[in-house]
Amino acid sequence: MSADFQNSLIEKSLWVATVGAAPDFPVLEGDASCDVAIIGAGILGLSTALHIAARGGSVIVLDAATPGWGGGGRNGGQVNPGLKLDPEELVSHFGPTAGPALAEFATVTADETFETLVKFDIGCDHTRQGWLQLAHAPQAMAGLERRARQWQARGIAVEVLSAGEAQKLSGSAAYAGGILNPKGGSLHPLKLVRGLAQAALTRGARIFRDSRVMKIEQAKGQHSLATARGRVSARRVLVSTDAYTDGLVPGLAQSVLPVSTFQIASEPLSADLARSILPGGQHVSDTHRSLYYFRKDAQGRFLIGGRGAYGPTGAAGAYAELKHVAARIYPALANCQWAYRWGGMVAVTEDHLFHVTEPAPGVLTAIGCNGRGVALSVSLGKRLAEQLITGSPASVPFPVERLRPVALHGLKKAMLPVIAKTYSVLDHLDKGSVLRRKA
Ligand SMILES: Cc1cc2nc3c(=O)[nH]c(=O)nc-3n(C[C@H](O)[C@H](O)[C@H](O)COP(=O)(O)OP(=O)(O)OC[C@H]3O[C@@H](n4cnc5c(N)ncnc54)[C@H](O)[C@@H]3O)c2cc1C
C-alpha cells in the first residue's frame, strides 16, 4: 500500500470537502503514559477511546496519519446492522454459546451507534430511514428472503419487497425486489470520526497525528510504543488499524486482504430529480458479487460506490464504471456532473468475519471489517473499552483467537484484480441482471 496513492484518493473526497475545520491534533513528542494506548484513529479506535475516557480511564490514541485518514473517514456512511454472515450462519459457525451472543450483537450494532451519537451529542448529518438491500437479478431474491426470515425470527421487522415495492422505494426499475431493514441509517463518516475524537478529547483522551507506532516492546508488565519522536508507556494496547495495518504486529497485515473500493458523488440534485431517487431517504446496497452501494446525502447529492482494482488506472476505471452503473440504475443520471470521487481499502478476511487476537498478553488486535465497519466499530468500541479497562474478555462478543495469516497471502493479494474482474463478468452474465439491461 502506498501512502501517496492513498492520499491521492482523498484529494477530491466529498467528506474532506464538506467536513469543516479539523481539531488541532498534535504530533507525539517525548514520553507519555496511560492505562490504554490505541494504535489507529479510525472509528473503532476512537469509539474505544471515547468509551474508556467516559469511564475515567486514561487513554492515548496514535495515528500514522490523521484521525479519519483510513476507512473511517472514507466510507459510504452506511450504518448497516449485522455482520457479513447472517445470524444462523453465525450460530452454526460459533456454536450454541458464542454463536447466539454474536448474532444478538449483530442485530444491535446500528441501535447502539445511533444511541452513541445521541449520548455524546455527535452531529454527523445522521438519519435513520432503513437499509434497502436490492436484488440485482431475480435469483438473488431467495437469499434475501432467507436473510429477512432470520432477522424477523429475532424480532426485527425486516420487510420483503416485490419488484414493484422496491421500485417505489428506490425510484429505480432496475431491481428484481429486495428487503428493507428498518435498523439502518446513514451519516457523514468524517464528521462521525471527528465527533468521536472531539467527544473523547473533551473527556480527557489524548490523540496524536503523524505518530506511526514502529515498535511495541514489553517490560515490567508495561508496553512501550515507539514513534519517530516519542514513546508511550501503557498497561494495555489495542491495535485497530483495519485495512491500513502495516508490519507492526508480525502476521497481522497478512491476516486480511486489502480490497479497494471507490465512490463518486454528484453536486446536489435538482429538487425534482432528488424526489424521484430514493424518495424515502433509505440507502442501498445490492446483491452483485461485486456489490454497488448508493444513497443521497443530507444536501441531496447522489453517491454511489463499488469495488475496483488497485492503482491509479484501476481508480480511473472504477470511477468510469460507477458513472455507467449509476445511469443504468437511474437513467436520469446519464448526464449528471460528478463533482467528487474518492476511494480506500476494506479489510477482507477469508471467512468474512471480524477477528480479535491477543498476540502478546495485554495487546489486543481487532481488524477485518469486511466493508461493514461503521456500526460494528462504534458498537464494538464500547465493549472493547470494557475489556481493556477490566482485562476481562467476557464483554467482547468475538472470541479472542490465535492470529492466523491467510495462506499464500502474497499470491491471493496479487490475484485480487483478477477476482474482481471475474466477479464483474459473472454479474454481467446473470440472467435479468441490472448490468445487462439497456440504460
Ligand atoms: C470507500 C469505502 C467505503 C466504505 N463504505 C462503508 C459503509 O458505507 N458502511 C460500512 O459499514 N463500512 C464501510 N466501509 C468500511 C469501513 O469504513 C471500515 O470498515 C472501517 O472504517 C475501518 O475501521 P476503522 O475505522 O477502525 O479503521 P480505519 O479508519 O481504517 O483506521 C485505521 C488507521 O490506522 C492507522 N494506522 C495504521 N498503521 C498504524 C501504525 N503503525 N501506527 C499508527 N497508526 C496506524 C491509519 O493511519 C488509519 O488512520 C467502507 C470502506 C471504504 C474504504
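In strand β13 (residues 283–286), H283 is the bridge partner of W131, and W131 also stands opposite N181 in β6. The model is predicted, so local features need pLDDT of at least 70 and side-chain atom pairs count only at pLDDT 80 or more, while totals for chains, interfaces and linings use all residues. Residues are numbered from 1 along each chain as its sequence is written, and side-chain values use heavy atoms, with hydrogens and water left out. Helices (H or I, at least four residues) and strands (E, at least two) are DSSP runs numbered from the N terminus, and two strands pair if DSSP finds at least two bridges between them.

**Strand pairing and the sheet**

- Strand β4 (residues 131–134) runs parallel to β13, to which four bridges join it, and Q133 stands opposite S285 in β13.
- With β6, strand β4 pairs in the antiparallel sense over four bridges.
- Strand β5 (residues 159–161) also pairs with β6 in the antiparallel sense, over three bridges, and the bridge partner of L161 in β6 is G178.
- These strands belong to an open sheet of eight strands with mixed pairing, in the order β5-β6-β4-β13-β14-β15-β12-β16.
- Because β5 and β16 (338–348) stand at the edges, each with a single partner strand, one side of each is left without a neighbour in the sheet.
- The twist averages 20° from one strand to the next, where angles run from 0 to 180 degrees between N-to-C directions and axes are lines fitted to C-alpha atoms, for helices over the stretch in contact.

**Side-chain directions**

- In a regular strand the side chains alternate between the two faces of the sheet.
- From β4, W131 and Q133 point one way and L132 and L134 the other way, and all are buried, a term that means under 20% relative accessible area, with exposed over 50% and partly exposed in between (1.4 Å probe, protein chains only).
- From β6 (residues 178–181), G178 and L180 point one way and I179 and N181 the other way, and all of these are buried.

**Helices across the sheet**

- Helix α5 (residues 141–152) lies across β4, β5 and β6, running at about 25° to β6.
- Helix α6 (residues 163–170) lies across β4, β5 and β6 as well, running at about 100° to β5.

**Packing of α3 and α7**

- Helix α3 (residues 43–54) and helix α7 (residues 189–202) pack at an angle of about 25°, with their axes 8 Å apart, and α3 and α7 are therefore roughly parallel to each other (angles under 35 degrees count as roughly parallel, over 145 as roughly antiparallel, 65 to 115 as roughly perpendicular and the rest as oblique).
- The contact (heavy atoms within 4.5 Å) is made by I43, L46, S47, A49, L50 and A53 of α3 and by L192, V193, L196, A197, A199 and A200 of α7.

**S290 in its loop**

- S290 has its place in the loop between β13 and β14 (292–296), and at 10% relative accessibility S290 counts as buried.
- Residues up to four places away in sequence aside, S290 touches R307, Y423 and D427.
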